[in-house]
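Visitor: Before any discussion, please show me the sequence and the model together.

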Amino acid sequence: MHTITRCLPHAFGALALALLAACGGGGSDSETPDSTGTADNGAVTDDSNSQASGTAGPVRSGEATFYGATGEGHCSFDASPQDLRVAAMNHADYANSAMCGAYVAVSGPKGKVTVRITDECPECPRGHIDLSESAFARIADPVAGRVPVTWQVVPGPVQGPVQYRYKEGSSIWWTAIQVRNHRRPITKLEIRPTGSSQWIAVKREPYNYFVYPSAIAAGALQVRITAEGGAVLVDTLPEPRGGLLVQGRAQFPG
């Protein structure tokens, strides 16, 4: 079970700054990986739906507030003190973790900022986005506390290939996989265990892991992921082992 700590939206400037000191980001169930592997096979497939649109998503309207973000949160990512351009998405748009790892361009009264979604704001209404303090300062004066904004999902400025992380406790008896460092939101993950001829769709949990609760054959595991826009990547991962972080071989097009 995942507990999320979130500030209530900031109603007044001075009060908002006073409350901020007592507010923190969501708790993460992610731990530092104990080792790193490399996927031995990966490419954009030649499926007819594998071409990404190359465009940003629709423009949404709402409000923005800020909180003491660390990069951790309900998406189960690690803290990212080196880059706090992160945000928490409202419950409706969070969509059971579908927005985790997505990049969102936010426009406010003073300017624009692109943030990565790492957390959920359960009490925030649809359209609302809760930014880190430093990200909020790029679009508005922090004393305002709450400002109207527009935002849209955009291709992320990521470097290198996608990554896969096996959650603690993963094995051939219970497998949980998280996708990281992806340029576009992930819409589907499928697996094909050793010896299988069929792809199996894996359910995504609210804490941003795709969990297959049944036993699979020992050995390497093929994974197929689909991004928003239809692009597909296929990788072969090592046998599931808790905490293992695996580098893929490719990245989604921009």
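**Disulfides, core and pocket**

Visitor: What is the angle about the S-S bond of C75 and C100, and is the link left-handed or right-handed?
Guide: The angle about the S-S bond that links C75 and C100 is -85°. The two sulfur atoms lie 2.0 Å apart, and a disulfide is counted when a pair of cysteine sulfur atoms is within 2.5 Å. At -85°, the link is left-handed.

Visitor: What kind of model is this?
Guide: Residues are numbered from 1 along each chain as its sequence is written, and side-chain values use heavy atoms, leaving out hydrogens and water. Local features need pLDDT of at least 70, side-chain atom pairs count only at pLDDT 80 or more, and totals for chains, interfaces and linings use all residues, since the model is predicted.

Visitor: How many helices and strands does the protein have?
Guide: Helices are DSSP runs of H or I with at least four residues, and strands are runs of E with at least two, numbered from the N terminus. Counted in this way, the protein has 3 helices and 17 strands.

Visitor: How many residues apart are C75 and C100, which a disulfide joins?
Guide: A disulfide joins C75 to C100. C75 sits in the loop between β3 (60–67) and β4, and C100 in the loop between α2 (91–94) and β5 (103–107). The pair thus links distant parts of the chain, 25 residues apart.

Visitor: Are C75 and C100 buried or exposed?
Guide: Buried means under 20% relative accessible area and exposed over 50%, with partly exposed in between (1.4 Å probe, protein chains only). C75 has a relative accessible area of 0%, and C100 also has 0%, so C75 is buried and C100 is buried.

Visitor: How many disulfides are there, and what is the hand of the link of C121 and C124?
Guide: The count comes to 2 disulfides. One of them joins C121 to C124, S to S 2.0 Å. C121 is buried at 0% relative accessible area, and C124 is buried at 6%. The torsion about the S-S bond of C121 and C124 is about 55°, so this disulfide is right-handed.

Visitor: With which residues is N90 in contact, beyond four places in sequence?
Guide: N90 is in strand β4 (residues 86–90), and it counts as buried because its relative accessibility is 0%. A polar atom of its side chain lies 3.2 Å from the backbone nitrogen of A92; a polar contact is a pair of N or O atoms within 3.5 Å, where within protein one must be able to donate a hydrogen and the other to accept it, and residues adjacent in sequence count only if both atoms are side-chain atoms. With contact meaning heavy atoms within 4.5 Å, and neighbours within four places left aside, N90 is in contact with C121, C124, P125, R126, G127 and H128.

Visitor: Which element gives the most to the lining of the largest pocket?
Guide: On a 1 Å grid over the protein atoms alone, a pocket is an open set of points where a 1.4 Å probe fits, with protein on both sides within 12 Å along at least five of seven lines; lining residues have an atom within 4 Å of a point. The largest pocket holds about 510 Å³, a volume being the space filled by probe spheres set on points joined across faces, edges and corners. It is lined by 19 residues, of which S80, Q82, Y103, R116 and N181 lie nearest its centre. The most, 3 residues, comes from β6.

Visitor: What is the phi of N208?
Guide: Most residues other than glycine have a negative phi. N208 lies in the loop between β13 (203–204) and β14 (210–212), and at 2% relative accessibility it counts as buried. Although N208 is not a glycine, its phi is positive, about 70°.
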